[in-house]
Every structure is written in structure tokens, then in C-alpha cells.
Amino acid sequence: MKGIILAAGEGKRLRPLTEDRPKSMIEFGKMTLLQRQINVMRECDVNDIVVITGYKADKIDIPGVKYYKNKKFDETNMVETLFCAKEELVGDVIISYADIIYEKNTLQKLIESKQKIGVVIDKKWEAYWNKRFENILDDVESLKIDTKGNIIEIGQKADNLDEIQGQYIGLMKFNSKGTKILLDFYQKCREKSEKGENPLNPKIEFKKSYFTDLLQGLVTEGNELKPIFINGGWLEFDTINDFELYEKMIENNSLSELINFDR
């Protein structure tokens, strides 16, 4: 099992914390977000770990990890970051955003899943979002699942809660068949993009496609994406308000409402 962590982003909405470091190197609870993820992976026997850097890459130097760099991090997005290490997409692969942390139980459940493509989905997202936002619809994405248990919509603008059957957290697994599907699909989309179209999201350039665009594209092409359901147990560090909220929760001993580092 291999773990790939996408850590190229600048994290502008986390300033001033990211003025001198990438967001994955923000310290939370006396440990960086990236080190927390790597520790959890190793605790789950995921020891072949790849980190794809970009912004202030020189600030990331954790031993025992293989590094790639997205040299165009400032003009691309997560899809292109991942494919800077496309040769690593072989066999069973965990892919994770770098601005999240999660419990060991969450990763273990994903590892044990037997799906070609498994995507971690938080069913109790609403209580978490209510702590972060005055209006949860301001920063939430659609997630729809059909009667066969397949994800049929992900990452779109949601106008009401009926369009949200969970929340994608930025953590997924592709097994050996799934990685081949991913590689073939990306190559097909890239070839189309060279003709001036973006089959993933026509509103933006192909190189700026979001990861949810890629996942939705896989769905639209007819691939089965299975939700791996969790009930909380993770944190996203998207804005400075997130960070300040979690720091306050540490101070008043309430962070365990959202995540338990012992699980």
C-alpha cells in the first residue's frame, strides 16, 4: 500500500500562517499537519509514502519519504499536482489532501475497503460545518449516492441540503484496477485538452481542474466510485478561521467533539 499526499498548495486563506511555509507545515497541537498524516499512515503500515510539494518546497524535509515537486504549483491545481508523480500510480494507492488530518480508524477503514475506487465521506458533516460557518451552504459541495451505493455527483455547488448525502474529505483509495482506470482516464482527458477543451470542467483551463472535477469525470464516464462512510473524526484546515476555531477548542478541551487523536 502506498500513500500519496498532495502538498503543493500555497494556502492563501490561511495567511499569515502560510507566509513562510506551505500549509501542510502549519503546526497544530505541537505537530505539523503533514507529520500527523505521515504518522497515521505509518501506524496503519503504509510506509511507502510520497509527498508532492510545490509552494516553499524547501520547508518540507521529513525523513523516510519520497518527494516530487510540482514546479508549476502557482498556475495549476491538485490534478496536475498528482500527475507530477504519475509513475507512482501503481498498485493500491491512498491519495490525500495535505490540509486535512484524520483519525487512524478513518484510514484503516479505507485501507480495508475492497472497492476499485473508494472515497471517504463524512455522514456527520453538518454538525462540523455548523461550527465553522454561519451559513453552511456558503462552503459545502454536493454529494449524491444512487440506490446501488455509487457516488453519482460530487463536488458541485449545492443549493440545498437535499443535495448533500455526506461530505467528501479529500481522502481516497484506488486499488490496482482503480489506478489503471485513473491513469487511462487522465490521459484521455489530457489529449482532449490539447485540442482546446477541458472535459473535466469547461469553465476553467484543464491544468486548473479541481480534484472533484476529476472524480466527477470518472463518475460521468461510468466508473463506480464507492463512498467509505465515516462519522466525523477529521479536520480540514482551509482558512485562518478554521485554525483559530480548533485552537480555541483545544484550550477549552472540546476538540474531542470533532476528532480524537487516540483513535
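How many aromatic pairs does the structure hold? The structure holds 14 aromatic pairs. The model is predicted, and local features need pLDDT of at least 70, side-chain atom pairs count only at pLDDT 80 or more, and totals for chains, interfaces and linings use all residues. Residues are numbered from 1 along each chain as its sequence is written, and side-chain values use heavy atoms, with hydrogens and water left out.

**View 1. The aromatic pair of Tyr128 and Trp129.** Rings of Phe, Tyr and Trp (its six-membered ring) pair if their centres lie within 6.5 Å; planes under 30 degrees apart count as stacked, over 60 as edge-to-face and the rest as tilted. The ring centres of Tyr128 and Trp129 are 5.4 Å apart and the planes stand at 90°, so this pair is edge-to-face. Tyr128 has a relative accessible area of 4% and is buried (under 20% relative accessible area, with a 1.4 Å probe and protein chains only). Trp129 is buried at 2%.

**View 2. The aromatic pair of Phe237 and Tyr246.** This pair is edge-to-face, with 5.0 Å centre to centre and 75° between the planes. Phe237 and Tyr246 are both buried.

View 3. Asp213 counts as buried because its relative accessibility is 8%. Beyond four places in sequence, Asp213 touches Leu200, Asn201 and Ile204 (heavy atoms within 4.5 Å). Asp213 and Gln156 are 57 residues apart in sequence, with 8.6 Å from C-alpha to C-alpha.

Notes: Buried < 20%, exposed > 50% of the residue type's maximum accessible area, 1.4 Å probe, protein only.
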